[in-house]
Amino acid sequence: MRHLLSTADLSRDDALLILDTAEQLSQVSGRSIKKLPTLRGRTVVNLFFEDSTRTRISFEAAAKRLSADVINFSAKGSSVSKGESLKDTALTLQAMGADAVVVRHGASGAPHRLANWVDGSVVNAGDGTHEHPTQALLDAFTMRRRLGDLEGRRVSIVGDVLHSRVARSNVHLLTTLGAEVTLVAPPTLLPVAMGEWPCEVSYDFDAVLPKSDVVMMLRVQHERMNASYFPSAREYSRRYGLDPERLGRMPDGAIVMHPGPMNRGMEIAAEVADSGRSTIVEQVTNGVTVRMAVLYLLLSGSEPAIGGNQ
Ligand code: NCD
């Protein structure tokens, strides 16, 4: 594997290798000294053209825990605001010897283009409404930790599917891992070409709820909406929000996930987000470990993940 551009490209073996490597690396996150020498002398560039809190920080922490040199680049305050193209930015990174480029971009497909212009590995950290593969991997990792093997597990992904790269990446990855995925959303927030997606679709959250092992709530992405997709925030919450009453109707042991950032009180009630069933904080912790596994496998896959010259 040279790049990580989408979960649709991952075989079951690829996905399991990443998750199992993350499991090994998670031992390091529990230590007081959270650092391995594995990527010493390698350079990882974080190239963020869209806003991000947790994904950018998470990749930075992951690269640093593996001792890589990290260069953070955000479009604001760079020559991108002077109109420099993605290609010229890529050539600059190339000239500086980037071994891996972690890229977030508002245009779907931008990481694929970048992969043609640089010699190093490209990791997609979210491209438009297309994919966000490391988010899906950290979600799968979190589910495996809480629920065990994903084979036959029923995962409902609820909300603004139309604008969600998280939903798309999860549908591919989770079905590859044997889970059964149902997307739940109002018809206006579902993509048109859903026919090819390997999952079920429902407009009725209450019908799906009692049959879900995992309920993954999605943020309503106001910044990508140029029209009105539902009558009012209140109406949206009433039909598609996860409140304490709905939480009570989930099966015993079922978990609640959200990739963040949350609109508390809209798609998820604050009490639900902070409840014992919520894995939201664990997802953030696991994100670092999973991204360590991805960087490790892309940049030094032949050496042992931990052990050796520590
Ligand atoms: C997601 C994203 O940026 O796609 N957030 C994240 O990476 N944790 C989801 C979102 O913005 O709603």
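A polar contact is a pair of N or O atoms within 3.5 Å; within protein, one atom must be able to donate a hydrogen and the other to accept it, and residues adjacent in sequence count only if both atoms are side-chain atoms. The model is predicted, with local features needing pLDDT of at least 70 and side-chain atom pairs counting only at pLDDT 80 or more, while totals for chains, interfaces and linings use all residues. Residues are numbered from 1 along each chain as its sequence is written, and side-chain values use heavy atoms, with hydrogens and water left out.

| Residue | Protein atom | Ligand atom | Distance |
|---|---|---|---|
| Gly260 | polar backbone atom | nitrogen | 2.9 Å |
| Arg104 | polar side-chain atom | oxygen | 3.1 Å |
| Gln135 | side-chain N or O atom | nitrogen | 3.4 Å |

Taken alone, the ligand exposes 320 Å², and the protein buries 95% of that (accessible areas by the Shrake-Rupley method with a 1.4 Å probe).

The shell around the ligand (residues with a heavy atom within 4 Å of it) includes Arg54, Thr55, His132, Arg165, Val166 and Pro261. By class, the shell has 3 nonpolar, 5 polar and 4 charged residues; Ala, Val, Leu, Ile, Met, Phe, Trp, Tyr, Cys and Pro count as nonpolar, Asp, Glu, Lys and Arg as charged, and the others, Gly among them, as polar. Helix H2 (54–65) and helix H6 (165–176) are the elements that give two or more residues to this shell. Helices (H or I, at least four residues) and strands (E, at least two) are DSSP runs, numbered from the N terminus.

The ligand lies between domain 1 (7–129 + 284–299) and domain 2 (133–282), because both give residues to its shell. The domain bounds come from an automatic or database domain assignment.

Gly260 and Pro261 are joined by a cis peptide bond, with omega about -10 degrees. Pro261 is in the loop between strand E9 (255–257) and helix H10 (270–273). Ser67, which is not a glycine, has a positive phi of about 70 degrees, and Ser67 is in the loop between H2 and strand E2 (69–74).
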